[in-house]
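Hi there,

Here is the structure we talked about, with the sequence alongside. Have a look at it first, and then read on for what turned up in it.

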Amino acid sequence: MASLKEIKTRIASVQSTRKITSAMKMVASSKLHHAQNAIESMLPYEAMLEHILKTFLVSTPDTDTPFDEERLVKRVALLVFSSNSSLCGGFNANVIKLLQQTIDEYHAKGLTDKDIVIYPVGRKVFEAAKKRGYECVYPYPQLADKPNSEECRNIAKELGQKWLKGEFDKVEIIYHHFKSAGSQVLQRKNFLPIDLEEELNEDTVRDLSSNISTKAAQDYLKKKGQTETQKSNSETVTPLNDDFIIEPDLHTVLTSLVPKLLHLMVYTALLDSNASEHAARMVAMQTATDNADDLLRSLNLQYNKSRQAAITSELLDIMGGSVNN
């Protein structure tokens with residue numbers, strides 16, 4: 001049985017750890033709030049661009065762009081989003097696991113490691129990819145911590161240019177889609193060749209109003225999302241306005257709009273991943289704090305029992321000495 005001094009030392013250690021996890025939880029909650037605001041500020045632009053592209057798709061049967069060409073896959077680029085730091089549960093481990101599964105699928109199709117180029121956003125996935133010997137392009141090491149639209153534009157532009165030159169036959173994105181503080185969905189989707197219809201059907205149901213991540217809140221948010229989805233499906237579809245005068249021509253306009261969409265896809269994935277990281281860290285630190293509270297209760301109970309046993313033992317020794325005298 002542990003001595004009172006050992007138990008007291010453990011209690012002090014757990015209390016110190018609890019202070020750290022509690023502080024990290026509050027910091028992650030604050031950063032999550034800012035990340036939610038960033039996504040909310042970007043959504044109107046996303047909705048308007050989606051509206052324009054949807055209008056062109058509906059009003060024009062032949063929407064031919066150089067970015068939707070299906071090719072025989074001989075060389076692949078993977079744009080993967082993770083974090084620069086740890087202590088966020090299984091956030092990074094899940095991304096790395098899906099990355100490895102994706103690479104294994106391409107290996108099964110006959111591609112080698114030299115045919116796969118990884119664009120990591122985040123130090124964790126970069127280190128994992130380099131350790132496994134994969135080719136990496138890592139131009140923006142701080143992008144995961146400090147989301148920047150211009151750097152996302154540069155990444156989308158570089159991938160788009162290499163696609164047009166034929167250096168890549170397929171580009172995929174791997175990231176966490178932020179739905180709410182308690183729900184982040186790991187995503188793997190095509191970046192190039194771009195499927196506009198798939199992009200328009202993307203799940204856009206989000207809860208950006210709360211950073212509560214308890215189990216009861218998660219169940220409520222899940223039911224709320226299902227209800228909103230059913231409601232949106234049952235609403236009457238409003239016809240799109242297709243009365244546009246397009247100058248100089250539809251092909252030129254789409255050639256300009258699609259790169260904007262590519263930039264938006266990268267930036268949205270980055271904001272999603274950034275918010276998901278903070279949400280995952282907030283949940284992990286909250287869980288660690290709760291575990292520390294449980295451990296403290298157990299240690300305090302053990303300390304009190306040991307202390308009472310020691311006092312009782314001393315009283316018995318005193319009483320025994322008195323009787324002998």
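**Helices across the sheet**

Helix α2 (residues 91–108) lies across β1 (76–81), β2 (116–121), β4 and β5, and runs at about 150° to β4. Helices (H or I, at least four residues) and strands (E, at least two) are DSSP runs, numbered from the N terminus. Axes are lines fitted to C-alpha atoms, for helices over the stretch in contact (heavy atoms within 4.5 Å), and angles run from 0 to 180 degrees between N-to-C directions. Helix α3 (residues 123–131) lies across β1, β2 and β3, at about 150° to β2.

A word on what you are looking at: this is a predicted model, where local features need pLDDT of at least 70 and side-chain atom pairs count only at pLDDT 80 or more, while totals for chains, interfaces and linings use all residues. Residues are numbered from 1 along each chain as its sequence is written, and side-chain values use heavy atoms, leaving out hydrogens and water.

The mean pLDDT (the predictor's confidence in each residue, from 0 to 100) is 84 for the protein, and 81% of its residues reach 70 or more. Confidence is highest in β1, at a mean of 97, and lowest in helix α6 (residues 215–234), at 54.

Now the sheet. Its five strands form an open sheet in the order β3-β2-β1-β4-β5, with mixed pairing; two strands pair if DSSP finds at least two bridges between them. At the edges are β3 (135–136) and β5 (183–192), each pairing on one side only. Strand β4 (residues 170–180) runs antiparallel to β5, and nine bridges join them.

How many aromatic pairs does the structure hold? There are three, counting rings of Phe, Tyr and Trp (its six-membered ring) with centres within 6.5 Å; planes under 30 degrees apart are stacked, over 60 edge-to-face and the rest tilted. One of them is Tyr 119 with Phe 168, edge-to-face at 6.4 Å centre to centre and 85° between the planes. Tyr 119 lies in β2 and Phe 168 in the loop between α4 (149–164) and β4, so this pair ties together parts 49 residues apart in sequence. Both residues are buried (under 20% relative accessible area; exposed is over 50%, partly exposed in between; 1.4 Å probe, protein chains only).

Another is Phe 126 with Tyr 138, stacked at 4.2 Å centre to centre, with 15° between the planes.

Happy exploring!
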